[in-house]
Amino acid sequence: MERPSLAVCVFCASSSKIDKRHVELAAEAGAELARRGHSLVSGGAQVSCMGAVARAARAGGARTVGVIPEGLVSVEISDEANDELIVTPDMRTRKGQMDERSDAFLVLPGGIGTLEELFEIWTARVLGMHTKPVVILDPTGVYDPLRELMVSLADQGFARAKIFDAIGWTDSVTEAFDLLERSQPRIEATPEDYAEAEL
């Protein structure tokens with residue numbers, strides 16, 4: 001069966017202080033993206049994981065689109081080699097552009113910016129506002145405490161159990177792209193999801 005061609009948005013780190021394994025993972029993801037015939041949407045920077053995923057994708061023949069806020073052009077050093085580089089006035093516009101241009105979302109280990117991007121797109125998926133696949137690729141366990149926190153929040157009633165129906169979680173690059181290529185059912189929010197717990 002022929003794979004669908006997707007615009008895959010990759011959320012990942014821009015820090016230069018992280019273990020090189022994370023940069024290598026980003027490059028591996030970019031290469032796999034290209035091998036499968038997808039295009040890349042990323043944060044538009046040439047540093048750290050953002051630069052690695054875009055360079056590897058282009059090396060494999062993939063089209064890359066970078067979206068970077070004006071205020072970070074000099075800080076993150078915009079990647080002028082992108083096939084299309086979009087400079088936005090602020091972070092909110094950046095995320096909106098990335099969301100609009102993407103068919104699926106791959107989340108690699110990253111800091112608070114990556115977490116912000118993850119939670120926004122994950123929340124919208126849980127609320128039934130889109131059916132785009134969301135997958136966390138974390139072979140080194142960076143997000144293990146986050147997963148434990150989310151399980152705890154669900155157990156305590158702060159989050160719905162179906163939050164995990166809205167996301168894939170894997171340590172394998174191959175499996176991550178297999179999950180991204182699957183069509184996703186819409187998750188419908190119901191009044192019962194928001195009803196107060198019985199005391």
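Predicted model: local features only at pLDDT ≥ 70, side-chain atom pairs only at ≥ 80, totals over all residues.
Author: Residues are numbered from 1 along each chain as its sequence is written, and side-chain values use heavy atoms, with hydrogens and water left out.

Reader: What makes Phe119 and Trp122 a stacked, tilted or edge-to-face pair?

Author: Rings of Phe, Tyr and Trp (its six-membered ring) pair if their centres lie within 6.5 Å; planes under 30 degrees apart count as stacked, over 60 as edge-to-face and the rest as tilted. By this rule there are 4 aromatic pairs. For Phe119 and Trp122 the centres are 6.0 Å apart and the planes stand at 10 degrees, so this pair is stacked. The two residues are 3 apart in helix α5 (residues 112–126), which separates them by about one helical turn. Helices (H or I, at least four residues) and strands (E, at least two) are DSSP runs, numbered from the N terminus.

Reader: How do you know which kind of pair Trp122 and Trp169 form?

Author: Their ring centres lie 6.2 Å apart and their planes are at 75 degrees, so this pair is edge-to-face. The pair links distant parts of the chain, since Trp122 is in helix α5 and Trp169 is in strand β7 (residues 168–170), 47 residues apart. Trp169 has a relative accessible area of 16% and is therefore buried. Phe119, Trp122, Phe164 and Trp169 form one aromatic cluster.

Reader: What makes a set of residues a nonpolar core, and which members of the largest one touch the most others?

Author: A nonpolar core is a set of buried Ala, Val, Leu, Ile, Met, Phe, Trp, Tyr and Cys residues joined through side-chain atoms within 4.5 Å. The largest has 30 residues, of which Val10, Leu106 and Leu108 touch the most other members. Two or more residues each come from β1 (7–11), α1 (20–35), α2 (48–59), β5 (104–107), β6 (134–137) and α7 (173–180). Helix α2 gives the most, with 6 residues. A second, separate core of 25 residues includes Cys9, Ile86, Ile136 and Tyr143.

Reader: Why are the buried residues of α4 said to be on the same side?

Author: In helix α4 (residues 91–100), Arg94, Lys95, Met98 and Asp99 are buried. They cover an arc of only 130 degrees around the axis, which puts them on the same side of α4; the arc is that of the directions from the helix axis to the C-beta atoms. The face turned away from this buried side carries the exposed residues Arg92 and Glu100.

Methods. Buried < 20%, exposed > 50% of the residue type's maximum accessible area, 1.4 Å probe, protein only.
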